[in-house]
Amino acid sequence: MAIRKSSKLPQAAVLKQILKRCSSLGKKQHSSYDEDGLPLDVPKGHFAVYVGEHRSRYIVPISFLSHPEFQCLLRQAEEEFGFDHDMGLTIPCEEVVFRSLTSMLR
């Protein structure tokens, strides 16, 4: 299942918007940032997500965005939480499910 194409933006543009939002969210929780305002603990080519009841933070590679399974999680996140909030990108699933899925995508 791929991200549904919006009548406004193609899929590539939607993914770029998600990445831009992800890179600028969640800054309040972490104190070390580079000159661009990005967290130092997130390597280039990765982004942070928050998962589970306790909102545990995971760093995942951008390449996950091309996987249909991860895209499904992003759609669920948008439906449940939206992408415009202070916490950062929050994935609505249990941590054990998220870890299992991401281990298969690597």
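The model is predicted. The chain holds three helices and three strands, which follow the pattern α-β-β-α-β-α along the sequence. Of its 106 residues, 36% are buried. Among contacts with a separation of 6 or more, 49% are between residues 24 or more positions apart.

**Sheet**

- The three strands make an open sheet with mixed pairing, in the order β2-β1-β3. The edges are taken by β2 and β3 (90–91), each of which has a single partner strand, so one side of each is left without a neighbour in the sheet.
- Strands in a sheet pair through backbone hydrogen bonds, in either a parallel or an antiparallel sense. Strand β1 (residues 46–51) pairs with β2 in the antiparallel sense, over six bridges. The pairing of β1 with β3 is parallel and rests on two bridges.
- Between β1 and β2 there is a hairpin with four residues between the strands. Gly52, in the turn, has a positive phi of about 85°.
- His46 stands opposite Pro61 in β2, and Phe47 has Val60 of β2 as its bridge partner. On the β3 side, Val51 stands opposite Ile91.
- Five of the six residues of β1 are buried, so this strand is largely enclosed by the rest of the structure.

**Val49 in β1**

- Val49 lies in strand β1. Val49 is buried because its relative accessible area is 0%, and the cut-off for buried is under 20%.
- Leaving aside neighbours within four places in sequence, Val49 is in contact with Ser56, Arg57, Tyr58, Val60, Leu89, Ile91 and Phe98.
- Val49 and Ile59 are 10 residues apart along the chain, and their C-alpha atoms are separated by 6.4 Å.

**Helix α3 and its packing**

- Helix α3 (residues 95–105) lies across β1, β2 and β3, and runs at about 15° to β2.
- Phe98, Leu101, Thr102 and Leu105 of α3 are buried. Viewed down the axis of α3, the buried residues fall within an arc of 95°, so they line one face of the helix.
- These buried residues of α3 pack against β1, β2, α2 and β3.
- A pair of packed helices is described by the angle between their axes and the distance between the axes. For α2 and α3, the angle is about 145° and the axes are 10 Å apart.
- The contact is made by Glu69, Phe70 and Leu73 on the α2 side and by Phe98, Leu101 and Leu105 on the α3 side. Five of the residues in the contact of α2 with α3 are nonpolar, one is charged and none is polar.

- In soluble globular proteins, nonpolar side chains tend to be buried together. The largest nonpolar core here has 18 residues, of which Val49, Phe70, Leu89, Ile91 and Phe98 touch the most other members.
- At least two residues of this core come from each of β1, β2, α2 and α3. The most come from α2, which gives four residues.
- Phe70 also takes part in the contact between α2 and α3. Apart from neighbours within four places in sequence, Phe70 is in contact with Phe47, Val60, Phe64, Leu65, Phe98 and Leu105.
- Val60 is among the contacts of Phe70, and Val60 is also among the contacts of Val49. Phe98 is likewise listed for Phe70 and for Val49.

- Ser63 is found in the loop between β2 (56–61) and α2 (68–80).
- Is Ser63 buried, partly exposed or exposed? Ser63 is partly exposed because its relative accessible area is 44%, and partly exposed covers the range between the cut-offs of under 20% for buried and over 50% for exposed.
- The C-alpha atom of Ser63 is separated by 8.2 Å from that of His46, 17 residues away along the chain. His46 is the residue that stands opposite Pro61 in β2.

Definitions and conventions:
Residues are numbered from 1 along each chain as its sequence is written. This is a predicted model: local features need pLDDT of at least 70, side-chain atom pairs count only at pLDDT 80 or more; totals for chains, interfaces and linings use all residues. Side-chain values use heavy atoms; hydrogens and water are left out. Buried means under 20% relative accessible area, exposed over 50%, partly exposed in between (1.4 Å probe, protein chains only). Two strands pair if DSSP finds at least two bridges between them. Contact means heavy atoms within 4.5 Å. Axes are lines fitted to C-alpha atoms, for helices over the stretch in contact, and angles run from 0 to 180 degrees between N-to-C directions. Ala, Val, Leu, Ile, Met, Phe, Trp, Tyr, Cys and Pro count as nonpolar, Asp, Glu, Lys and Arg as charged, and the others, Gly among them, as polar. A nonpolar core is a set of buried Ala, Val, Leu, Ile, Met, Phe, Trp, Tyr and Cys residues joined through side-chain atoms within 4.5 Å. The arc is that of the directions from the helix axis to the C-beta atoms.
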